[in-house]
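Visitor: Can you walk me through this one? Keep it quick, please.

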Amino acid sequence: MTLLGAGRIVGDDMVDVLHQAGVRAVFGLDDPRGFWVGARRGPVRPVIVHDERSGSFMAEAFIRAGGGLAATSGISGPGAANLVPGLLEAWASSIPLLAVIGEKRAATFGGNEFQGVDHRPLLGGVVKAVVEPRAARDVPAAAAHAVRLATSGRPRPVMLLTHDLLQWEPSTEPDVAKVVGTSSTRLGGADDAAVATAVDAISRAERVVLVLGGGALLSDAGPAGAALAERLGCPIVMTPMGKGSVSESHPHFVGIVSSYTTGRGGAGVHALQALQAADCIIVAGSDLDSLALVDGKWPGAGTTVVRIDVDPTELLAFADIALLGDAQAVIAQLSSGLELIDTPDRADRLGRTLGLAADARAARAAARAADVARVEAGTVWPGRVIADSVDALGADGLLVTDASFSSIWAVDRFVQHDPGRRVLTPRAAGTLGWGLPAAMGAKLAKPGSRVIGVVGDGGLLFSIGDMETAVRESLDVTIVVLDNGVYGSQRHSNVLAQGKDYADLHFGRTTDYVALARAMGWTASRVVSGDDFATAIHQRVDGPHLIDVAVDPLARPSIVKFDEAESTPAQ
């Protein structure tokens with residue numbers, strides 16, 4: 001029996017409702033089949049991939065880059081399991097990714113269904129909720145509800161779980177506008193009494209610092225944050241996920257704080273100094289993980305932490321004063337309250353802030369100059385790669401990186417003079433293999449902008465099969481491979497912590513990435529000097545372009561633990 005006739009099915013309804021709710025693309029491997037039938041003949045863009053992990057990475061980056069909402073999908077069982085890394089990164093990054101899964105658990109012929117897996121425990125730890133309609137007539141409303149859940153409060157992934165057979169039933173012809181609805185998913189400000197308590201604490205403090213995290217970027221709280229910092233005369237610090245909330249040219253900006261930016265020569269040293277000296281820290285939209293806290297180097301004892309977040313669970317720790325609400329709205333509340341309070345020490349505070357920020361800008365400029373001037377025999381210094389890549393991006397280009405060293409170099413060295421999301425990294429969960437498919441997803445979201453992906457050779461090998469997808473989708477994306485022939489982060493960690501350089505982490509220079517890329521239909525070249533890279537990265541070619549860059553295996557970014565290990569070598 002043929003399931004698909006000429007008529008409309010529930011899979012069509014799902015796609016129409018999701019499109020009306022803001023979904024613009026779906027990435028996956030042709031399953032659940034009914035849903036994909038709807039995607040192929042509906043208004044969203046369907047993208048077939050070679051690995052569900054890559055599809056989930058593409059979808060997440062598509063959302064981050066501003067292409068609209070996106071869905072990813074996987075076949076029951078193994079395909080769904082492959083979505084875990086992408087959903088984990090989206091969960092940690094607060095990205096409202098929709099995972100569409102077809103359920104097959106119903107027993108047939110008195111036995112178990114092939115690939116019949118209970119997906120709730122399989123994916124439950126990396127999704128915000130599971131929406132599971134039980135009847136065909138409920139599927140459209142369930143799809144709209146899944147989007148509402150994903151985008152409300154703290155954005156996070158949601159699983160839409162439907163039995164495969166429901167998607168093939170005749171269309172229920174829903175009233176799409178009525179099903180989707182127009183309700184707002186954004187929280188407002190915090191409790192007035194809590195805001196008053198925070199205003200009182202901030203007004204009495206002498207050394208206030210404002211920290212903007214990923215939630216501030218998602219809330220577009222940067223302008224309100226900058227106005228608050230100017231009102232207080234205090235420094236502005238961003239976490240890696242908050243990068244882009246404000247311009248890094250702002251006179252109050254002192255740096256990105258992270259274990260990966262505050263090592264020797266890192267651009268976050270001044271940010272850490274400000275936080276360690278603070279007696280009051282306002283944190284907007286950061287989960288304050290161990291990397292942001294530089295493994296406990298701040299806040300200091302006696303520091304009052306005013307914490308703003310839409311997620312009440314994040315307010316359980318490091319929150320002397322907890323403000324539950326949207327970052328932009330709550331910061332505006334604080335500014336309004338502080339306008340009524342005289343702060344006579346503002347001039348002294350402002351002087352300290354401007355001096356520290358000027359020192360930080362000078363340090364960043366000096367680091368860039370040193371990166372560009374550095375000459376490596378037969379290799380290219382990674383800082384030079386980032387500097388030249390940023391120059392080649394243009395006014396609205398995106399720099400997309402993999403996890404590990406490539407993302408650390410980018411966060412530390414890309415001085416972003418205009419606000420907005422210009423750097424996409426998987427720094428929230430550190431998901432290796434994210435870079436290549438994420439660059440492709442970003443390019444699909446912004447087809448008219450330059451997209452440059454920087455990945456290590458180790459990370460590239462995780463997802464190399466989807467280089468074919470870039471050709472099939474005609475993606476004009478540039479991938480820069482930091483080719484050092486080793487899993488660099490693990491190698492450095494082992495050498496510095498254990499005094500061991502394990503041979504099994506080295507895969508040498510035996511793989512010809514240029515030949516491999518050309519075999520996939522890419523334009524490709526290899527460079528071994530900084531000047532050659534500068535020439536190559538400024539070239540524009542039709543279709544996907546790979547630049548294989550020889551990098552010294554000893555080259556490493558500014559990581560605090562590495563500095564500490566070098567000062568106290570393993571016995």
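Guide: A term to start with: buried means under 20% relative accessible area, exposed over 50%, and partly exposed in between (1.4 Å probe, protein chains only). This is a predicted model, where local features need pLDDT of at least 70 and side-chain atom pairs count only at pLDDT 80 or more, while totals for chains, interfaces and linings use all residues. Residues are numbered from 1 along each chain as its sequence is written, and side-chain values use heavy atoms, with hydrogens and water left out.

Visitor: Okay. Is Ser 54 buried or exposed?

Guide: Ser 54 is buried, because its relative accessible area is 2%. It lies in helix H3, residues 52-64. Helices (H or I, at least four residues) and strands (E, at least two) are DSSP runs, numbered from the N terminus.

Visitor: What does the side chain of Ser 54 make a polar contact with?

Guide: The side chain of Asp 466, at 3.0 Å. A polar contact is a pair of N or O atoms within 3.5 Å; within protein, one must be able to donate a hydrogen and the other to accept it, and residues adjacent in sequence count only if both atoms are side-chain atoms.

Visitor: Which residues does Ser 54 touch?

Guide: Pro 437, Ser 463 and Asp 466, not counting residues up to four places away in sequence. Contact means heavy atoms within 4.5 Å.

Visitor: Switching to Leu 87. Where is it found?

Guide: In helix H5, residues 84-93. Leu 87 is buried, with a relative accessible area of 0%. Leaving aside neighbours within four places in sequence, its contacts include Leu 97, Leu 123 and Val 127.

Visitor: How many residues apart in sequence are Leu 87 and Val 127?

Guide: 40, yet they are 6.9 Å apart in space, C-alpha to C-alpha.

Visitor: Now the sheet. What is the strand order?

Guide: It is an open sheet of 6 strands, E9-E8-E7-E10-E11-E12, with parallel pairing. Strands E9 (253-256) and E12 (321-324) are the edges, each pairing on one side only. Two strands pair if DSSP finds at least two bridges between them.

Visitor: How many bridges join E7 to E10?

Guide: 5. E7 covers residues 208-212 and E10 covers residues 280-284. Val 208 has Cys 280 as its bridge partner in E10.

Visitor: Which strands does helix H12 lie across?

Guide: E7, E8 and E10. Helix H12 (residues 222-232) runs at about 175° to E7. Axes are lines fitted to C-alpha atoms, for helices over the stretch in contact, and angles run from 0 to 180 degrees between N-to-C directions.
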